[in-house]
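Please read the following points with the sequence and the model side by side. Each one takes up a single topic and can be checked by eye.

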Amino acid sequence: MGGILIGVVEAWAGTYLGGEFKLVTTFSILIAALMIRPYGLFGTIEIERL
């Protein structure tokens, strides 16, 4: 899911914003996703400690 989202947004940014914004938008999405969901898109918060 994440790879498809990144690919679509990167293609959109390259087309409409220009080639220099492709990396900026990709890293912005990755940073935002990690801030919102630090355990992954489908991850859980449960941590088992031994």
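1. The model is predicted, so local features need a pLDDT of at least 70 and side-chain atom pairs count only at pLDDT 80 or more, while totals for chains, interfaces and linings use all residues. Residues are numbered from 1 along each chain as its sequence is written, and side-chain values use heavy atoms, with hydrogens and water left out.

2. Helix α1 covers residues 2-16, where helices are DSSP runs of H or I with at least four residues, numbered from the N terminus. The expected span of a helix is 1.5 Å times one less than its number of residues, and because α1 has 15 residues it should span 21 Å, which agrees with the 21 Å between its end C-alpha atoms. After α1 comes Gly 18, whose phi is positive, near 110°.

3. A search of the whole structure finds 1 aromatic pair. This pair is formed by Trp 12 and Tyr 16, with 5.7 Å from centre to centre and 45° between the planes, and it is classed as tilted. (Rings of Phe, Tyr and Trp, the last by its six-membered ring, pair if their centres lie within 6.5 Å; planes under 30 degrees apart count as stacked, over 60 as edge-to-face, and the rest as tilted.) Both residues lie in helix α1, 4 residues apart, which is about one turn of the helix.

4. (Buried means under 20% relative accessible area, exposed over 50%, and partly exposed in between, with a 1.4 Å probe and protein chains only.)

5. Helix α2 covers residues 22-36 and contains Phe 27, as well as Thr 25 and Thr 26. Thr 25 is buried, with a relative accessible area of 16%, and a polar atom of its side chain lies 3.0 Å from the backbone oxygen of Lys 22. Thr 26 also counts as buried, at 10% relative accessibility, and its side chain is joined to that of Glu 10 by a polar contact of 3.1 Å. (A polar contact is a pair of N or O atoms within 3.5 Å; within protein, one must be able to donate a hydrogen and the other to accept it, and residues adjacent in sequence count only if both atoms are side-chain atoms.)

6. From C-alpha to C-alpha, Arg 37 and Phe 21 are 24 Å apart in space and 16 residues apart in sequence, whereas Phe 42 and Val 8 are 20 Å apart in space and 34 residues apart in sequence.

Technical notes. Helix = DSSP H or I, 4+ residues; strand = E, 2+ residues; numbered from the N terminus.
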